[in-house]
Amino acid sequence: MALTLFARRPEPVEAPAPEPWPEIGETWKPEGVTIAQRYYNQAHAVVLVYTTDDGPHGTYYSVACLGCHYATRENGTYSTRYSLADAATVANEHATTCRALPRDIPARPDDDTVRERLHAWVRGARRRDEDRQLWVSDLDLIRLTLQRSNDWIVDVLNQLVVAEPEILRIERSQYSDYVSYYARRLPEN
């Protein structure tokens, strides 16, 4: 009889299945990101490990919680971007301590809204002392709310260069097809 007391185990709790996207009936796959891993926090909110593209020095990953507003893309101590293993460790650590309830999947905003967010991002990056280089990877932490591909974002930046050259300029490398974007310095009063 004593052995039966110790043999009892609680029934395993299964994590809920990922929510299907209503229109297509598939798991949510936001445009512009590739989801590498999913973790569940203590209240079953999803913690994502995702990437936006392969950079020139390899693939880097970001972590975002769909329960709270936690998002990170680099180690704060050394300011180095996460590899998949590092991002998985960070996501798992966050998932074990986070108690936020699941939020709704972020709705895909319309093109005009995203375009205005990008324009505001460029305007907010301007400084008084010098032109500031902008990287598309700087947007990694908000890519789940933008839900657009790198090509789409680059097209919007190119349109902004033409429409408002006093705000954003472009530099093309003379050695390759590489393009750099710079938020122009603020005018002096």
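Of the 189 residues in the chain, 35% are buried (under 20% relative accessible area, with exposed meaning over 50% and partly exposed in between, for a 1.4 Å probe and protein chains only). The model is a predicted one, so to speak of local features takes a pLDDT of at least 70 and side-chain atom pairs count only at pLDDT 80 or more, while totals for chains, interfaces and linings use all residues. Numbering runs from 1 along each chain as its sequence is written, and side-chain values use heavy atoms, with hydrogens and water left out.

The axes of H3 (residues 111-125) and H5 (residues 150-163) come within 10 Å and cross at roughly 60 degrees; axes here are lines fitted to C-alpha atoms over the stretch in contact, and angles run from 0 to 180 degrees between N-to-C directions. On the H3 side, the contact is made by Asp111, Val114, Arg115, Leu118, His119, Trp121 and Val122, and H5 brings in Trp152, Ile153, Val156, Leu157, Gln159 and Leu160. Sorted by type, the contact residues are nine nonpolar, two polar and two charged (nonpolar being Ala, Val, Leu, Ile, Met, Phe, Trp, Tyr, Cys and Pro, charged Asp, Glu, Lys and Arg, and polar the others, Gly among them).

Trp152 turns up again in a charge-over-ring arrangement: arginine 148 lies over its face, 5.1 Å from the ring centre. Such a call needs NZ of Lys or CZ of Arg within 6 Å of the ring centre and within 35 degrees of the ring normal. Arginine 169 likewise has its charged end over the ring of tyrosine 182, at 4.3 Å from the centre.

Histidine 44, not a glycine, has a positive phi of about 70 degrees and sits in the loop between strand E1 (34-40) and strand E2 (46-51). Its relative accessibility is 32%, so histidine 44 counts as partly exposed. Glutamine 147, also not a glycine, shows a positive phi of about 50 degrees, in the loop between helix H4 (143-146) and H5. Glutamine 147 counts as buried because its relative accessibility is 2%.

Conventions:
Helices (H or I, at least four residues) and strands (E, at least two) are DSSP runs, numbered from the N terminus. Contact means heavy atoms within 4.5 Å.
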